[in-house]
Every structure is written in structure tokens, then in C-alpha cells.
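Please read them with the structure open beside you.

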Amino acid sequence: MKKYIFTLIMAAGTFALSGCGSDFLEVRSTEDVDESQIFNSVENAMMALNGIHRLMHESDTSWYAQGGFQLFMLSTDLMADDVVFTKENACLTWDAQLCMHNDPTNRDNEYYFSFFYRVISNANMIINQIDDVEGDAAEREYIKGQALAYRAFAYFYLVQMYGKRYVAGENNTQAGVILRLDNSQDNRPRETVENVYAQINEDIDEAIALLEDCGIARASKIHINAAVAKGIKARVMLAQGNWSEAEAYADDVINESGTSLDDNTYVTQDYRMSDANSSEWIWCKVSQSDQEGTLRQYHAFISNTEASYNKNTPRCIYNKLYDKITDTDTRKGVWFPNAQDVTVEPAPLYPSSGNVYNYMSNKFLLPPGSDNKTAGDVPYMRLPEMILTKAEAQARQGKYTEAAQTLYPLAHSRDAAYTLSTNTGDDLIEEIMVQRRVELWAEGFRWFDLKRLNLDLDRGPAPRTELGYSADGWLSKVVPENVDPEASNYNMYDAKAIGEDNRFRSADSNFWQWLFPNDEVLANPLCEQNPD
């Protein structure tokens, strides 16, 4: 990890607690500024915190598709089943081919390891010095609470990436990741998964207490408030199988975040899933079009409107999931199973020079003609996630009536014909999980859900060529012929770029543990590498 202990990222220029100015995205490190000057006032400490906010969607990286957490969300979803990769291209192909995270020399593997530890390194500097900073005590609590939440957030993803899954009721002595609560560079072994989760919970619990106590209302959804911290806690409880606590924290977020469901979320096309003003969004990136790096932002790899990388490789929904969506559900209209048939209406929105593939997505759109052609706001946490978390947690406790009641407002908001579910047991859990997969499609949840629930990665049945069905991919702007109706659309596009060998990974395979970057293992011999 010594290679990845980075100096503090500072937001240069004036940046008050009230919000961000035009200088927000300029950054510099403590190589240029004495730390004693950074932490000599709460105003400067706030600039240090804003550096972490900025790091969540950094745009000045050395390679395309490396843009902080926003691209990590899409990367991990491409490693699962519900977001289907269509055409081999320079970016994200490795992820869909399930080899990026299992290659210790892969630049994206190295980047994500580096990214999360940079968040931790910067959070450590704030956490360990803010108590001695002169200024208002409430502002110190506000800054420290957010830094603690970021550290918990980063370790939560790292332990899920590199450790084996947490198993409720067991000792969880399997190796997790290296814990550093300061920025010392001594060699250290990996802590157990149990110990990592203990630190995550200690940090997020303190963050919640500080953010509730400080009394400061955030001015932007890029900041972390108590509701966001409780949402992170709900995610942690879900991963640990602590259903009662997951239910309780999700319920707090639902009631305290000030958000509300919007029946038009999937109806209105302008700024669909790209506007921080949505009443459903709890925490997010707020984009500034003049400060986004080229092809380092989320919508360049997921939106089919305006010029983007995605125009060459449209993202599609897994057809077996699409088939589970009722015809009256407004979400069904954001994917196009017959996109290649120009006679079928409605047709998807896409750039005139873009490729067209069946089941392509219009979930994430930027307004045509906008000067913000490739960058939009990106949700990190939305109200529907918390509703689905609460419903799942209730159902897994056997509280079926309560779970159905929790699910109903969201399901009815998306489908006016939806009626209160009478399902119980596994049937209700399956209904909730389908709702979760559809609602949170491409928002960074599916790979982690598969892992926490110990499920196989199964991208669906291959074409039955023995019955005469075609094994060829679906070519752009050509209506496919002789397609097996029981086959999945995985690996059915272009030159079948993702490969038949990547159709399935068992729940007990090494696939679910990322390999540490070689540079980390070489720099710290105590860091035991995961099995290949």
C-alpha cells in the first residue's frame, strides 16, 4: 500500500461550507502546501474535505474510463449479468470479460485499488487533525463526520472486492484488506474480514453521531449528511446479513432524507437519470460541463444521447431480466428489445452515428442540444435503494406483510397497475430482488448483490445450435434471424466479443476476489495475494 499513500488533495480557491464555486475542481496536494497551513482553520479543513468530494469523480486521470466512483459503479455492473456489453472496444471490455480484476498488472485494477486508498489517505489526514483545528465546534464535527463516512465507505468496497464474502453468524477470519487509520507506511498484513467490518461500523457510527449533532444542513447533494451516512450503514448491514439493522437504518433514511418518489422518473426524457434535482436522489455527483475530463465521466459510457463512447458500444439489459418487467411498468420503456427493427415504434434515442442493438438502454439520457454533451449528474444513492433495502431486510426476517407494504409505493410509482403483493417466503424475496435489479440497473449494485448472497454469476443459456438456432452475433442495424427464443442475449452481439467462457462463474470460485496489484504486493511483502 505504500505506493498508494497519497498526499492530501486540496480544493484550491475560496470554498465555503455553503457550496462550491468555480475553483472547486482545481486541486493540489500537500507536496505544495504545508499541512500545518491546511489544518490551521476550519475553512481550510473544509477545502481538504472538498478535495475528497472531487476525488469521487476525478477527471484528470491518465486513462479513459477512470473517473472515480462513478465509473467503478459501471465497471462492477459489467462484471455481473444484468448490464450486457455489446461490442468490443478500448474501454471496459476487460471488465465484461471478467479478467480486469483478476489481472494484478491491469491498469484499471491498479486504478481502483489506488482510488479507494486515496480516499482513505485523505480522510485519515482530516480525521487525525481536525479536532485540533481552531474554529467552530459544529463545523469541525461536520467535517470530521464526512471524513469518517468516506473512510467507512472506501473500506466497505475494498473488503468486498478483496476479501471473501461476509457470512453472518460465522467468525469471518478470512483475510480482508490492510487497515490503516493513519498514513504511516510500515508493512502490515491483511486484517480479517471481521476486523475490517468492525472498523467500518465504528467509523460510520461515529459519522452518524457527529453529523446528527452538528446541526449543519448541507448545501449540496455532493456532501454527506446524516441521512447519507445512515444509507451507507444500511448497505453495510445488508452485506453483513444483519437484517434488523438494515431495516432500521433504511427506514431512517426513508423518513429523514427529505426525498420522495417521482412517478415521472422513467417517463420524462430530458435529463433522465442525470439531474441532481430529482426528488429521489440522496447523494450524488453534481457535474460541471467545463470541468469534466474527456471520457472520464459516467454518461460517456452509459448514455445514448449526444456524443459519447457509449454510442459505439451501447449497453443493453439482460433479456431474461427484461422479460420479468410487466408491460404496464414505465421502466420497461427505457429498453428496446427490437431496436434494430426500424419499423418498430417507439425507437431508442441515439446519436446519428451510433450503433443500434436490441435491448439497448435509454435509462440515462442527456438533453439533446445541451452544451453539456457528455457529462451529467450521477446518483450515488437514491430513495428507491433504501425502500428496496428495507423491504428485502423485512422479507428475510419473515416479516412478509410489512415487506409487501414497504415495496408497494415504489412498485406502484413505476407501474400504476401494480397491486399490493400477496407473495410470501422465497416468492416475495424474489419479487423484491427483481424490483431491485430493474430499478438499480447500471448503478453499481448487481455484482455486490451476487457476492453477498453467495449466488452464481449466470449470464443465461447459450443458443441451442444443436436445434438449428444461430450462434452468430446480432449485427448492428440488422434484424437478427433464427435467434433461439430461450437463449440469453449475452455474447450475442457484434463479434461475440465477451466470450462463451465468461458465461458462468460459480459462487465458490476465486472470481469473487480481486487480485491485489503487483506493485502493492512487491512493496508490502506482508500483503498476501489472493489465489488466481
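**Helix packing and ring contacts**

1. The crossing of helices α6 and α7 is left-handed, the near helix being turned anticlockwise from the far one by less than a right angle. This is a predicted model, in which local features need pLDDT of at least 70 and side-chain atom pairs count only at pLDDT 80 or more, while totals for chains, interfaces and linings use all residues. Residues are numbered from 1 along each chain as its sequence is written, and side-chain values use heavy atoms, with hydrogens and water left out.

2. The axes of α6 (residues 137-162) and α7 (residues 193-214) come within 8 Å and cross at roughly 155°, and the two helices are therefore roughly antiparallel (over 145 degrees). The residues of their contact comprise 17 nonpolar, 4 polar and 6 charged.

3. Across the whole structure there are 36 aromatic pairs (ring centres within 6.5 Å, with planes under 30 degrees apart counted as stacked, over 60 as edge-to-face and the rest as tilted). The rings of F153 and W283 have centres 5.3 Å apart and planes at 80°, so this pair is edge-to-face. It links helix α6 to strand β4 (residues 281-285), 130 residues apart, and both F153 and W283 are buried (under 20% relative accessible area, with exposed over 50% and partly exposed in between, using a 1.4 Å probe and protein chains only).

4. K332 lies over the face of Y322, at 4.9 Å from the ring centre, and the charged end of R396 sits over the ring of W243, 5.5 Å from its centre (NZ of Lys or CZ of Arg within 6 Å of the ring centre and within 35 degrees of the ring normal).

Key. Axes are lines fitted to C-alpha atoms, for helices over the stretch in contact, and angles run from 0 to 180 degrees between N-to-C directions. Helices (H or I, at least four residues) and strands (E, at least two) are DSSP runs, numbered from the N terminus. Angles under 35 degrees count as roughly parallel, over 145 as roughly antiparallel, 65 to 115 as roughly perpendicular and the rest as oblique. Ala, Val, Leu, Ile, Met, Phe, Trp, Tyr, Cys and Pro count as nonpolar, Asp, Glu, Lys and Arg as charged, and the others, Gly among them, as polar. Rings of Phe, Tyr and Trp (its six-membered ring) pair if their centres lie within 6.5 Å; planes under 30 degrees apart count as stacked, over 60 as edge-to-face and the rest as tilted.
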